[in-house]
Amino acid sequence: MPEAGNSFGPAEFAARTHVSRETLARLEAYADILTDWNARHNLVARSTLPDLWRRHMWDSAQLAALVPETARNMADLGSGAGFPGLVLAALLRDRVAVTLHEATAKKCAFLAAAAERMGLAVTIRNTRMEDLPAQPFDVVTARACAPLPLLLDYAQRFTGPNSVCLFLKGQNVGSELTEAAKYWKMEIAQTPSATDPSGAIVTVKKLGSRHVASPKSAPKTPRAGRRQPEGRRR
């Protein structure tokens with residue numbers, strides 16, 4: 001089990017991820033600006049900030065090992081405060097171009113400020129996902145964005161025949177996968193989460209519709225492009 005709370009900081013993060021000093025410095029700058037902005041804008045739950053490096057940074061960083069070596073671009077959906085998109089942009093900056101999709105303007109302003117502070121070149125799209133034209137990416141990521149059946153509906157417009165989707169999911173992953181299988185054809189793999197014993201990383205390939213009623217019609221789903229409320233113990 002990873003250490004909890006204040007005992008897990010930048011040094012522990014670096015020991016687990018083996019990032020360079022330069023990358024760690026970028027992420028420390030990210031942590032600083034997030035803490036500053038969060039006092040005014042509530043980008044992440046304030047109760048999670050003492051555990052920022054495990055609960056948000058490492059949780060996001062674990063996706064990097066699953067990004068194919070051939071990947072050259074990535075779409076992060078419902079980017080919010082930048083997890084996992086900005087963390088992956090820092091870890092993979094030499095080979096993967098990252099586009100962050102976020103519907104809330106104030107969060108996009110934060111993403112732009114954070115990327116500048118980190119010295120990263122990312123693309124930020126302040127548009128609802130269903131309003132964007134279809135554009136395939138090599139990798140599609142999301143964390144606490146929407147239940148899986150709806151998330152796949154968003155993701156489909158960003159995937160091509162060889163795209164890989166990497167989704168961080170919490171304790172409801174089993175039921176979400178069962179529900180998603182009603183609407184979508186796909187190749188699925190699960191990797192246990194390094195930071196949440198009840199969660200998993202869901203890898204999706206060869207995504208296609210089963211041509212049944214859209215999961216958009218399901219009740220109690222969040223608006224497109226908005227963060228899923230507390231779906232992954234935020």
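Predicted model: local features only at pLDDT ≥ 70, side-chain atom pairs only at ≥ 80, totals over all residues.
User: How many helices and strands does the protein chain have, and in what order do they run?

Analyst: The secondary structure comes to seven helices and seven strands.

User: Is Ala144 buried or exposed?

Analyst: Ala144 is found in the loop between strand S4 (139–143) and helix H6 (148–156). Its backbone has a positive phi of about 55°, although Ala144 is not a glycine. To count as buried, a residue needs a relative accessible area under 20%. Ala144 has 5%, so the answer is buried.

User: Where does Lys206 lie, given its positive phi?

Analyst: Lys206 is not a glycine, yet it has a positive phi of about 55°. Its place is not a loop but an element you can pick out by its residues, 200–209: strand S7.

User: How far apart in sequence are the parts that Asp59 and Arg143 tie together?

Analyst: Asp59 and Arg143 form a salt bridge, with their closest N and O atoms 2.8 Å apart. Asp59 lies in helix H3 (residues 52–61) and Arg143 in strand S4, so the pair ties together parts of the chain that are separated in sequence by 84 residues.

User: And are Asp59 and Arg143 buried or exposed?

Analyst: The salt bridge has Asp59 at one end and Arg143 at the other. For each of these two residues the answer is the one word: buried.

User: Which residues are joined with Glu22 into one network of salt bridges?

Analyst: The structure holds nine salt bridges. In one of them, the side chains of Glu22 and Arg93 meet at 3.0 Å, N to O. This pair links distant parts of the chain, with Glu22 in helix H2 (residues 21–41) and Arg93 in the loop between H4 and strand S2 (97–101), 71 residues apart. Through salt bridges that share partners, the residues in one network with Glu22 are Arg26 and Arg93.

User: How many residues apart are Asp36 and Arg40?

Analyst: Asp36 forms a salt bridge with Arg40, and the closest N and O atoms are 3.3 Å apart. Both residues lie in helix H2, and about one turn of the helix takes you from one to the other, a step of four residues.

User: What is the angle between the planes of Phe8 and Trp58?

Analyst: Phe8 lies in the segment before H1 and Trp58 in helix H3, so their pair ties together parts that are 50 residues apart in sequence. Both residues are buried. Their rings are 5.2 Å apart, centre to centre, and they count as stacked, with an angle between the planes of 10°.

User: Which residue has its backbone nitrogen 2.7 Å from a polar atom of the side chain of Glu12?

Analyst: Glu12 lies in helix H1 (residues 10–17). Its relative accessible area is 25%, so Glu12 counts as partly exposed. The backbone nitrogen that lies 2.7 Å from a polar atom of its side chain belongs to Gly9.

User: Which elements do the buried residues of H7 pack against?

Analyst: In helix H7 (residues 173–180), the buried residues are Val173, Glu176, Leu177 and Ala180. Seen down the axis of H7, they fall within an arc of 100°, so they line one face of the helix. The elements they pack against are H6, strand S5 (164–169), strand S6 (184–192) and S7.

User: To finish, what share of the residues of the protein chain counts as buried?

Analyst: The protein chain exposes about 10,300 Å², and carbon and sulfur atoms supply 51% of that area. Turning from area to residues, the protein chain has 234 of them, and the share that counts as buried is 53%.

Technical notes: Residues numbered from 1 in each chain as written. Heavy atoms only, no water. Helix = DSSP H or I, 4+ residues; strand = E, 2+ residues; numbered from the N terminus. Buried < 20%, exposed > 50% of the residue type's maximum accessible area, 1.4 Å probe, protein only. Salt bridge = Lys/Arg side-chain N within 4 Å of Asp/Glu carboxyl O. Areas by Shrake-Rupley, 256 points an atom, 1.4 Å probe, with all protein chains shown as cover. Polar contact = N/O pair within 3.5 Å; in protein donor to acceptor, adjacent residues only side chain to side chain. Arc of directions from axis to C-beta. Contact = heavy atoms within 4.5 Å. Phe/Tyr/Trp six-rings, centres within 6.5 Å; stacked < 30°, edge-to-face > 60°.
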